Amino acid sequence: MTRIATARNDRGSAAGNAVEVHGIVKHYGATKALDGVDLTVQEGTVLGVLGPNGAGKTTLVRVLSTLIKPDAGTAFVGGYDVLRQPKQLRRTIGLTGQYASVDELLSGYENLYLIGRLLDLPRREAKARATELLERFSLTEAAKRPAKTYSGGMRRRLDLAASMIGRPRVLYLDEPTTGLDPRTRNEVWDEVQRMVAEGTTVLLTTQYMEEAEQLADELTVIDRGRVIANGLVADLKAKVGGQTLQVRPVDPGELPRMARCLHDTGITTATYSADTGLLAVPITGEEQLTAVIGVLGGHGFAIAGIDTKVPSLDEVFLAITGKPASADAAPSLVKEPVA
Ligand SMILES: Nc1ncnc2c1ncn2[C@@H]1O[C@H](COP(=O)(O)OP(=O)(O)OP(=O)(O)O)[C@@H](O)[C@H]1O
Ligand SMILES: [Mg+2]
């Protein structure tokens, strides 16, 4: 790991690291759910843990929440040892699990109040905190309805609110937006960004490169229980490549001419596929995007649709390991280009 500082605090982990994981192993029979994982999350930052189905993400979150014991290795959260100081550690963390953990029969308010009481908040404070969080996560209107009547996005927001009751220093989000529609996903991202701005350290698991790009400072890529890459999101992105602009002309017969026009103006990375009917141009910034659109518009090509695409999990794995991710391919967040 690159950033383990040498100074240790009185609780055992290096100064500045909210989470430190060293050689964590967890096997289920022959399944190596975690096979020697190392990672660190710096105080006040977001670490994205990116991996396909079955990579070991939830197992890692469970170990770091003291819900299961590792077979080997050590881990510290907020300086507390997962094995030796589980109680103190649990007071440091908030957890939004992969599956909704709220009680469906209780209302949003009742759920939050109950969690506040479970966390030993006095009645008045539990009430105030529930009301405040419902407001903040735009659930005030639905506060009195049973959670089973909530939409997927509302439940996720209630989950997030629930994990914030105890004002955790470190928050785990296990695939917070899998299965959500793009609008709801954006709402969740906004909330996460707000929590981070207020100083919360976040460990986020995801199957989406786009999500990691939006939220994470650093990224650890795992596959079959092993870390296969880690570093700054920007560095990994540079390795994998940035966005690709996809342009669909009204007449696919125009594709060769469109590519030629771009080549003539120095945009030599444009390619096209007659099969998909798309022109593809890797782009590194807004300027280039504007230039491409300008050239195509200037030549009067009739365009049916444009879209930008970030690399998929598969493309990330391919770039890092030279082979596709081992488990089922992750569902793509990126909608198909406009037809
Ligand atoms: N309690 C368990 N008993 C047996 N095998 C388990 C158990 N929990 C996890 N596994 C196995 O460990 C591996 C890692 O599972 P894990 O749930 O951590 O993956 P994940 O990265 O969270 O996947 P997903 O993206 O599908 O949620 C999988 O092969 C899984 O089947
Ligand atoms: Mg999981």
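This is a predicted model: local features need pLDDT of at least 70, side-chain atom pairs count only at pLDDT 80 or more; totals for chains, interfaces and linings use all residues.
Visitor: What is the bridge partner of Val-247 in S14?
Guide: Strand S14 takes in residues 303-309 and runs antiparallel to S11, with 6 bridges joining them. In S14, Val-247 has as its bridge partner Ile-306.

Visitor: How many residues of S11 are buried?
Guide: Buried here means under 20% relative accessible area. Strand S11 has 7 residues and is mostly covered. The number of its residues that are buried is 5.

Visitor: Which strands are the edge strands of the open sheet?
Guide: The open sheet is formed by 6 strands with mixed pairing, in the order S6-S7-S8-S3-S9-S10. An edge strand of this sheet pairs on one side only. The edge strands are S6 (93-96) and S10 (226-232).

Visitor: Which residue in S10 is the bridge partner of Thr-220?
Guide: Strand S9 spans residues 218-223. S9 and S10 run antiparallel and are joined by 6 bridges. The partner of Thr-220 in S10 is Asn-230.

Visitor: What angle does the direction of helix H5 make with that of S6?
Guide: Helix H5, residues 152-164, packs on the sheet. H5 touches S6 and strand S7 (170-174). The direction of H5 and that of S6 make an angle of about 165 degrees.

Terms used
Residues are numbered from 1 along each chain as its sequence is written. Chains are lettered from A and ligands numbered from 1 in the order in which they are written. Side-chain values use heavy atoms; hydrogens and water are left out. Two strands pair if DSSP finds at least two bridges between them. Helices (H or I, at least four residues) and strands (E, at least two) are DSSP runs, numbered from the N terminus. Contact means heavy atoms within 4.5 Å. Axes are lines fitted to C-alpha atoms, for helices over the stretch in contact, and angles run from 0 to 180 degrees between N-to-C directions. Buried means under 20% relative accessible area, exposed over 50%, partly exposed in between (1.4 Å probe, protein chains only).
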